[in-house]
Amino acid sequence: MEIVILISQVVMSLALVLAFVRVVRGPSLPDRVVALELFSSIVVGLVGVYAIQSDVSSFIDAAIVIALMGFLAAIGFARFLERGGPRDD
């Protein structure tokens, strides 16, 4: 099980780096918003894997809070774009 946890942490860390690159280089604001949502989803996955590794169930609560914050941020950006915010696409 330790090898599976290590592999999943490495793969998710690589995905986190690639999502960060998309946030920085994204050609338009909607692309950056999607990348931020992906970023928060990957962080939730990393926290979940760490909760499994450490056998501490309170990390699951933290993962739920992070997921909700990411969702609300995506909704806020979508509302901003819907109401005519600056678009560069």
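In the predicted model, helix H1 passes helix H2 in a left-handed crossing. Helix H1 covers residues 2-25 and helix H2 covers residues 29-54. The axes of the two helices come within 9 Å and cross at roughly 160°. Angles over 145 degrees count as roughly antiparallel, and H1 and H2 are therefore roughly antiparallel to each other. Sorted by class, the residues in the contact of H1 with H2 are 18 nonpolar, 5 polar and 4 charged.

The largest nonpolar core of the model consists of 7 residues. These are Ile-5, Met-12, Leu-16, Ala-19, Ile-42, Leu-46 and Val-49. Two or more residues of this core come from each of H1 and H2. The biggest share is that of H1, which provides 4 residues. Among the core residues is Leu-46. When neighbours within four places in sequence are left aside, Leu-46 is in contact with Gln-9, Met-12, Ser-13 and Leu-16. Of these partners, Met-12 and Leu-16 are also listed in the core.

A further residue examined was Ser-40, which is found in helix H2. The relative accessible area of Ser-40 is 12%. Buried means under 20% relative accessible area, so Ser-40 is classed as buried. With neighbours within four places in sequence again set aside, Ser-40 is in contact with Ile-66 and Gly-70.

Terms used:
Residues are numbered from 1 along each chain as its sequence is written. This is a predicted model: local features need pLDDT of at least 70, side-chain atom pairs count only at pLDDT 80 or more; totals for chains, interfaces and linings use all residues. Side-chain values use heavy atoms; hydrogens and water are left out. Axes are lines fitted to C-alpha atoms, for helices over the stretch in contact, and angles run from 0 to 180 degrees between N-to-C directions. Angles under 35 degrees count as roughly parallel, over 145 as roughly antiparallel, 65 to 115 as roughly perpendicular and the rest as oblique. A crossing is left-handed if the near helix is turned anticlockwise from the far one by less than a right angle, and right-handed if clockwise. Ala, Val, Leu, Ile, Met, Phe, Trp, Tyr, Cys and Pro count as nonpolar, Asp, Glu, Lys and Arg as charged, and the others, Gly among them, as polar. Buried means under 20% relative accessible area, exposed over 50%, partly exposed in between (1.4 Å probe, protein chains only). Contact means heavy atoms within 4.5 Å. A nonpolar core is a set of buried Ala, Val, Leu, Ile, Met, Phe, Trp, Tyr and Cys residues joined through side-chain atoms within 4.5 Å.
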